[in-house]
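Student: I would like to go through this structure term by term. For each label, please tell me what makes it apply.

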Amino acid sequence: MSCSTGQETADATNDTDHLISITHDQFQTEKMAFGELQKMPFADIVKCNGNVVVKSKGFAKVSPFVAGSVQKIYCSAGQVVRKGEVLFELSGNEFFELQKGFAEAVSILNKTKTEYERVKSLYEGNIATEKELISSESEYKSANANYSALKMKIQFVGLDPAKVAKTDFYHSFSIKSPINGYISQISISLGQHADQQTVLAEIIDNSQLQLKLSVFEKEISLLKPGMGIKFTLSDNSDYRATLGSIGRAVSVDSRAIECYASIDCIDSTNFVNNAFAEAEIAIRTDTTFSVPEE
């Protein structure tokens, strides 16, 4: 009995050797607290890098429909613009020739229409021949086609066809923003000539930004649309996104596949186009007992 009791006392002493004693003052000073095990979600993740990029419908390159020289610039880089807002004002010989051509087309159309109706009336009275009717009708249809094409050009430039038809010509025409967004770049200056291939400005709509990720091909089979993504930018803040589409082509250089994700709460955060991002895609989540690291 005596030997047995001595062994139990020794074991009890050894069990407490690795413990740390904390006094009440230490507990208060270090702001410690009592807690319990809690069930928390833990996710298996796929790490990858990418960029914040704009969708195709959120990016616009502004070019003139008619060549001309820049008379006025109403915008600046970084400025927020609305769809339909005037950005530039241009003028030039090609613009004047377009108006002149349309006015002449209106005159020719009226003339050929009157002649066609006259010949048609004579043909119905057996005075004009069928050949004369066909020739007159052909000229009228040709004039009408030319008029319709020039009218669409006039309207596309933003002019009033009725005003131009009366030879009340415009001195200049305006270039308007095709989308809402901000001016990311201006590539023109006052007096510079610009044609249809000249990019005057680039506009980006921040509400159309998305996350483009490069995922290695060996991990692509683990991904499915709808998976949650946590990513960080240069400000080290955490943001959330949802995987939307998975690419089907492997890059020869990086052996990675491009995937795209929609950013949560995109309207409430000022993201920047082409910003570098580090992301974690949660492919599976398990819930288990845990305690906070701190």
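Tutor: Begin with strand 12 (residues 238-250) and strand 13, which pair in the antiparallel sense over 6 bridges. The model is predicted, so local features need pLDDT of at least 70 and side-chain atom pairs count only at pLDDT 80 or more, while totals for chains, interfaces and linings use all residues. Residues are numbered from 1 along each chain as its sequence is written, and side-chain values use heavy atoms, with hydrogens and water left out.

Student: What makes strand 12 and strand 13 a pair?

Tutor: Two strands pair if DSSP finds at least two bridges between them. Strand 12 and strand 13 have 6 bridges, so by that definition they pair. Ile-246 stands opposite Cys-259 in strand 13. The strands themselves are DSSP runs of E with at least two residues, helices are runs of H or I with at least four, and both are numbered from the N terminus.

Student: Which other strand pairs with strand 13?

Tutor: Strand 10 (residues 209-216) does, in the antiparallel sense, over 7 bridges to strand 13 (residues 256-263). There, Leu-211 stands opposite Ala-261.

Student: What is noted about Arg-255 in the hairpin of strand 12 and strand 13?

Tutor: Arg-255 takes a positive phi near 55 degrees, and this hairpin has 5 residues between the strands. Most residues other than glycine have a negative phi. Asn-126 also has a positive value, near 60 degrees, and Asn-236 has one near 65 degrees.

Student: How do you know whether Asn-126 is buried or exposed?

Tutor: Buried means under 20% relative accessible area, exposed means over 50%, and partly exposed is in between (1.4 Å probe, protein chains only). Asn-126 has a relative accessible area of 71%, so it is exposed. Its place is the loop between helix 3 and helix 4. Asn-236, in the loop between strand 11 (228-232) and strand 12, counts as exposed because its relative accessibility is 65%.

Student: Why does Gln-99 count as buried?

Tutor: The relative accessibility of Gln-99 is 0%, so Gln-99 counts as buried. Gln-99 is in helix 3 (residues 93-124). Beyond its neighbours within four places in sequence, its contacts are Ile-154, Leu-159, Val-164, Phe-169 and Tyr-170.

Student: What makes strand 5 mostly covered?

Tutor: In strand 5 (residues 86-91), 5 of its 6 residues are buried. Strand 5 pairs in the antiparallel sense with strand 3 (residues 68-73) over 4 bridges, and Lys-72 has Glu-89 as its bridge partner. Strand 5 is also joined by 4 bridges to strand 6 (residues 173-176), again antiparallel; here Phe-88 is partnered by Ile-175.

Student: Which residues have the most contacts inside the largest nonpolar core?

Tutor: They are Leu-87, Phe-88, Leu-90, Leu-159, Phe-173 and Ile-203, in a core of 37 residues. Helix 3 gives the largest share of this core, 8 residues. A second, separate core has 28 residues, including Ile-204 and Phe-231. A nonpolar core is a set of buried Ala, Val, Leu, Ile, Met, Phe, Trp, Tyr and Cys residues joined through side-chain atoms within 4.5 Å.

Student: What makes strand 2 an edge strand?

Tutor: Strand 2 (59-62) pairs on one side only, and so does strand 4 (80-81). They belong to an open antiparallel sheet of 4 strands in the order 2-9-7-4. Strand 2 pairs with strand 9 (residues 201-204) over 4 bridges, and Ala-60 stands opposite Ile-203.

Student: Why is Ile-20 called exposed?

Tutor: Ile-20 has a relative accessible area of 74%, so it is exposed. Ile-20 lies in the loop between helix 1 (2-15) and helix 2 (24-29).

Terms used. Contact = heavy atoms within 4.5 Å.
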